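User: I'm new to reading protein structures. Could you walk me through one, feature by feature?

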Amino acid sequence: MRRRRMLFSLLLVAAAGMGAAGVPAAPRAQAAAATAPLDRVVPAPASVRPGGDPYTLTDRTGIRVPGGSAEARRIAGYLAGVLRPSTGYALPVTTRGSDGIVLRLGGRGTAGLGAEGYRIGSGSRAVTISAARPAGLFHGVQTLRQLLPTAVERRTEQAGPWRVAGGTITDTPRYAHRGAMLDVSRHFFTVAQVKRYIDELAMYKINRLHLHLSDDQGWRIALKSWPRLATYGGSTQVGGGPGGYYTKDDYRAIVRYAADRYLTVVPEIDMPGHTNAALASYAELNCNGQAPPLYTGTSVGFSSLCVPKKVTYDFIDDVIREIAALTPGRYLHIGGDEAHSTSHDDYVAFMDKVQPVVAKYGKTVIGWHQLTGAHPAKGAVAQYWGYDKTGAAERAQVADAARNGTRLILSPADRAYLDMKYDKNTPLGLSWAGYVDVRRSYDWDPGSYLQGAPADSVLGVEAPLWTETLKTSANLEYMAFPRLPGIAELGWSPAGTHDWGAYRERLAAQGPRWDALGIDYYHSPEVPWPAR
């Protein structure tokens, strides 16, 4: 009887083994379920043609860089740094061979992709990313990350398989400017924290980091010509904390790190209002010659540089000169919003004097949209932050400037401001522009948003993140995610792809990726997140 039972058990084991080897449909179905469709990415690609066999990464996969371009090799090294910890594979970067992961810079068929576009072709032997320029190759790498299982983002070895669906993606951006602003003045954020945010922006093809470096509560960049701006003006923050500032080397490190991820830093020195930190640092910048105390509250509109004083423009010349020398990008932001303590005539006179200083040091002016109430310089860009309650006359003023050649960046506060509360129960953020849920943040068209402004006047979109209530990286992430990817999609994807119903499904698929990356995001009830 014992022998009979043993024989029966052995037969069952053998039958199970034969079933696993001879009927692989179930494992294949599981693998197929784990393979992301080519169109389940954010931002939505311009063109997707699925079909053919998937590509599977193995321990024999290499990252090929035909031609050996130094820039392509650097991007290949970045990709290897993402993939090696989770896959456990060596993934050598080499110029030899034609299979594996291929990063191809230039060559046939890439000219039409422009400065930031890319093409991904996936088949059984290789997944190839092609681009005319390095930025496009890097953006293609971000799409490849989303086509792999979410576990690829973890920093410890995970189980595969690591498959990329078969087919072709061809992708180019709708707008040249796809920005995110980080306010480091209300609360100071370290170089490491800014770098973390840059990495998160790069995943969604954001290409501008607008740094709000000065405000009433803190001055965050050290300058040789006016050293107390940083040492004294940067010594505190909202609520009275210790504040902080970037040395020139710190700022250069941020600029380099952003450039390595194909983001251009746009520095902002807000003026003539939002200047209490500067006024407190140097008495001579005040009309009465008396320095006010440092400010740690959250009110706006009470401060102003002294428009008639010559020293004001000596100060501005020095500040712009030093910051321009540190900044390789073409733009320099001069603020200009909420200058309630500056008369209209003084405001116009001030902007007429400051804009040529920016041009003198080789930069193009960006200002908040109040700049259009003065005389925007030729080539200047106005950043619109109005919202539904903004008056018709103010909107018309911006639209009129756009018709006369001023380019626009759209950041409507009740759509794109990431510091607005999601709803009345949100523990962080503000609500002066109303509550901004995920759908409201996504469901608008930049091309037709501002009535009377020509569609071709829109340079792009930007998502500002003000930090009156935000103190940590987790705070930033909670307010930025899941709304930031939607703004990124409005900037990148063709208008015809914008559909809330489809987008919320693609956005939901990002949740496990953010979990793997340790991003502390808001679990909006509008989004059908996968079960955790």
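User: Let's start with one residue. Which strand is Gln383 found in?

Analyst: Keep in mind that this is a predicted model. Gln383 is found in strand β15, which covers residues 381-384.

User: Is Gln383 buried or exposed?

Analyst: The cut-off for buried is under 20% relative accessible area. Gln383 has a value of 0%, so it is buried.

User: What does the side chain of Gln383 make a polar contact with?

Analyst: Its partner is the side chain of His333, at 3.1 Å. If you skip neighbours within four places in sequence, the residues in contact with Gln383 include His210, Trp368, Ser411 and Glu462.

User: Now a helix. How far apart are the end C-alpha atoms of helix α11?

Analyst: They are 16 Å apart. Helix α11 has twelve residues, 392-403, and at 1.5 Å a residue it should span 16 Å, so the two agree.

User: And which residues of α11 are buried?

Analyst: Here's the general idea: an α-helix has 3.6 residues a turn, so residues three or four places apart point the same way. In α11 the buried ones are Arg395, Val398, Ala399, Ala401 and Ala402. They cover an arc of only 160° around the axis, which puts them on the same side of α11. Over on the other side, Ala392 and Ala393 are exposed.

User: What covers the buried residues of α11?

Analyst: The cover includes β15 and also β16, residues 407-410.

User: In which sense do β6 and β9 pair?

Analyst: Antiparallel, over five bridges, with β6 at residues 118-122 and β9 at residues 167-171.

User: How many residues of strand β11 are buried?

Analyst: A handy rule first: in a regular strand the side chains alternate between the two faces of the sheet. In β11 (residues 208-212), five of the five residues are buried, so the strand is largely enclosed by the rest of the structure. Arg208, His210 and His212 are buried on one side, and Leu209 and Leu211 on the other. β11 also pairs with β10 (residues 177-183) in the parallel sense over five bridges, and Leu209 is the bridge partner of Ala180.

User: Last one: how far apart are Glu200 and Trp514 in sequence and in space?

Analyst: Sequence distance and spatial distance are worth checking separately. Glu200 and Trp514 are 314 residues apart in sequence and 9.6 Å apart in space, C-alpha to C-alpha. For Pro54 and Asp445, the values are 391 residues and 35 Å. Glu200 is found in helix α5 and, at 4% relative accessibility, counts as buried, whereas Pro54 is partly exposed at 33%.

Terms used. Residues are numbered from 1 along each chain as its sequence is written. This is a predicted model: local features need pLDDT of at least 70, side-chain atom pairs count only at pLDDT 80 or more; totals for chains, interfaces and linings use all residues. Side-chain values use heavy atoms; hydrogens and water are left out. Helices (H or I, at least four residues) and strands (E, at least two) are DSSP runs, numbered from the N terminus. Buried means under 20% relative accessible area, exposed over 50%, partly exposed in between (1.4 Å probe, protein chains only). A polar contact is a pair of N or O atoms within 3.5 Å; within protein, one must be able to donate a hydrogen and the other to accept it, and residues adjacent in sequence count only if both atoms are side-chain atoms. Contact means heavy atoms within 4.5 Å. The expected span of a helix is 1.5 Å times one less than its number of residues. The arc is that of the directions from the helix axis to the C-beta atoms. Two strands pair if DSSP finds at least two bridges between them.
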